[in-house]
Amino acid sequence: MKLIFSRARDIINVKNYIESEMLPMNKKHVALLLAVTMCVTSLSSCKLLLGAWGGEQSNGGNNTENDDNTQGGEDMIPESPKATVLPVKGGTKGIVVLIHDDGYTGTVERFDSLLEKHGLVGNIALVTNFVYNTTSKTPKTSEVKKFQKFLDTGRWKIVSHSYTHEWWAEDGVESADRMYEEIVGSQTILRELFPGQRVLTFAYPGLSSAVAQYGNQTVFSEAAKKLIEETYISGRKGTSTAPTDITNQNLKWNLLNGYGFMNGAVKNGTVQGIVESAAKNGGLILLYTHQLKADTETQEKADATTYNNNVMGIYYMDQVCLEVAKHVESGDIWNTYYEDAILYIREAQTAQVSVTKSEDLLTVLLTDEMDDEIYNFPLTVRIDAPEGWKAVKVVQGDDVSYALVREIDGKIYIDADIIPDAEDATISPITFTEYEEATEKTEVS
């Protein structure tokens, strides 16, 4: 603080010298620029100088900025608001992805009811032969329609879970052709059967048949990992309770750990603890389960039922969804689709943002270093809000959204979702009434 006032006094002394020398106006401008460059510690010091310089010309002695960015009759360069790309969408801390492995329609239906109840979304890691006849090479039309019904709710996206859920081997040795069919072919067919599904992520099947037949499970061979990396933006492997770190700016493509669970892990609080950890400390959690048994909605029924491997009760899955929803509501967790989580993380790690201000308009330029044909997910940009702004309208091409200005730790910000490497986005102030009217229309449509 002492340094700021010291600099301010120095600048005012320079200002007094300039006036006393009666320099021509153009030289005064140059001298003023030199004086302002001395104010390197705070904008408030510059304002002291500008107020002293032009105070006698302001209305009623109030040295406030006018709408045309002038003060005391001298032109000012408008200050660009500070902006940063948030590491997790919406400024949340952690990410939780919910996945059903395999593609049992009865389980998806039960799971879907829980997602709807708690306002969450999930992923179906679908084995392709559940919806595609691998002998006749034709779609199983009735099954495709069942899954499309779930996709149409907007609560689900598809993850590839291989072509047959079998090990890509012949006589115990990995086959390049089988591997290609299981990894790449599954994606191709799922995209054809479900238009609009990008199928950008892969969930390793358990491949227990490899162990049963050959006593060996070489599912993580370098050839398999390389092919998955070339085909998908992410792949999920085995079980771990540790959240994946998403803050490493040099994070390379890798197979991510998921956590597969059944009743016991919910009953003893392990799953809830994983979610709590992500909410407090950040990170990405991939939670997956296999089958939800019918008629197990109550704890009594869930506990009384005998379960086979990879089967759990609806009651305990409900407890997991309740825990996730609680942290979504508090603003600590982003529950999203597997591919959307990876798109956001990778884009955010290479993104650059700049903002310019002219009158009542902010223009945002957002870029990243990713392939725009794949990586085109909107990132949350946090911008210092100009004084007096309460709500905003955000326009980027044909996309229009609205947001309220947020107060965080005594400062006000705008959180705007903007697509990198697309058209510049513009942000303009609107009244709270205009915001309410606009968002009501959006909800109706």
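Okay, let's start with a side-chain pair: His161 makes a polar contact with Asp102, side chain to side chain, at 3.2 Å. By polar contact I mean N or O atoms within 3.5 Å, where within protein one must be able to donate a hydrogen and the other to accept it, and residues adjacent in sequence count only if both atoms are side-chain atoms.

Quick housekeeping. This is a predicted model, where local features need pLDDT of at least 70 and side-chain atom pairs count only at pLDDT 80 or more, while totals for chains, interfaces and linings use all residues. Residues are numbered from 1 along each chain as its sequence is written, and side-chain values use heavy atoms, with hydrogens and water left out.

Back to His161. You'll find it in the loop between strand 8 (156-160) and strand 9 (169-170); strands here are DSSP E runs of at least two residues, helices H or I runs of at least four, numbered from the N terminus. Buried or exposed? His161 is buried, with a relative accessible area of 1%; the cut-offs are under 20% for buried, over 50% for exposed and partly exposed in between, with a 1.4 Å probe and protein chains only. Beyond four places in sequence, the residues in contact with His161 include Asp101, Leu126, Tyr204 and Arg236, contact being heavy atoms within 4.5 Å.

Now helix 8, residues 222-231. Ala224, Leu227, Ile228 and Thr231 are its buried residues. Down the helix 8 axis they fall within an arc of 100 degrees, so they line one face; that arc uses directions from the axis to the C-beta atoms. Turned away from that side are the exposed Glu222, Lys226 and Glu230. Covering the buried residues are, among others, helix 6 (176-193) and strand 12 (234-239).
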